[in-house]
Amino acid sequence: MKTAIYPGSFDPVTLGHIDIIGRASKIFDRLTIGVLNNSAKTPLFSVEERVNMIRECVKDLTNVDVTSFDGLTVDFARKCGANAVVRGLRAITDFEYELQIAQLNRVISPDVDTVFLTTNLKYAYLSSSSVKEVAYYGGDISHFVTPYVEKRIHEKVIKG
Ligand code: ADP
């Protein structure tokens with residue numbers, strides 16, 4: 001049984017993330033998406049809201065589950081019985097950052113490997129922060145997120 005985790009902030013989940021999830025779910029028998037409860041960042045959505053949005057987006061993928069975590073990614077991987085960490089790569093800037101984290105994780109936990117999936121070119125420019133910025137200024141975000149997430153963003157940005 002090949003089990004992987006896909007950790008991230010997902011604030012909020014975009015079509016770029018969903019593309020990576022769909023592809024990883026075909027490579028691994030089981031994929032657990034870990035929403036990081038990072039006290040150093042002030043997210044737009046609470047960790048529960050982020051988990052719920054992803055659950056809604058992946059409800060048709062039977063081998064994928066979604067949960068939150070805090071602490072070290074490698075500890076979360078171990079808890080999930082996973083020996084692989086999936087991360088997405090968009091550009092060389094992602095690579096530099098991701099390579100450093102992957103190497104660090106490998107030193108502290110040699111039994112956990114990082115697997116990089118390159119972005120679908122359709123979503124290479126897409127990030128959670130750019131989606132939030134476009135939404136904040138009233139732009140159309142329907143090409144970036146699912147209709148369900150779009151609705152949640154509008155509620156949040158309009159109602160605060
Ligand atoms: P983090 O704060 O951990 O970087 P993100 O939610 O921004 O969390 O991203 C989670 C993972 O998804 C990262 O590996 C990131 O590189 C990847 N990712 C984000 N957006 C895209 C995209 N458009 N295409 C492919 N991978 C992406």
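Q: Which element gives the most to the lining of the largest pocket?

A: This is a predicted model, in which local features need pLDDT of at least 70 and side-chain atom pairs count only at pLDDT 80 or more, while totals for chains, interfaces and linings use all residues. Residues are numbered from 1 along each chain as its sequence is written, and side-chain values use heavy atoms, with hydrogens and water left out. Rolling a probe the size of a water molecule over the atoms shows where empty space is left. On a 1 Å grid over the protein atoms alone, a pocket is an open set of points where a 1.4 Å probe fits, with protein on both sides within 12 Å along at least five of seven lines; lining residues have an atom within 4 Å of a point. Here α4 contributes the most, with 8 residues; helices are DSSP runs of H or I with at least four residues, and strands are runs of E with at least two, numbered from the N terminus.

Q: How many residues line the largest pocket, and which lie nearest its centre?

A: The lining has 44 residues, and P7, G8, S9, K41 and R87 lie nearest the centre.

Q: How many residues surround the ligand, and which are the closest?

A: A residue is near a molecule if one of its heavy atoms lies within 4 Å of it. The ligand is surrounded by 17 residues, with Y6, S9, F10, G88 and Y123 the closest.

Q: Which polar backbone atom lies 2.8 Å from a nitrogen atom of the ligand?

A: A polar contact is a pair of N or O atoms within 3.5 Å. In this case the backbone atom belongs to Y123. An oxygen atom of the ligand is 2.9 Å from a polar backbone atom of F10, and an oxygen atom of the ligand is 3.2 Å from an N or O atom in the side chain of H17.

Note on methods: Polar contact = N/O pair within 3.5 Å; in protein donor to acceptor, adjacent residues only side chain to side chain.
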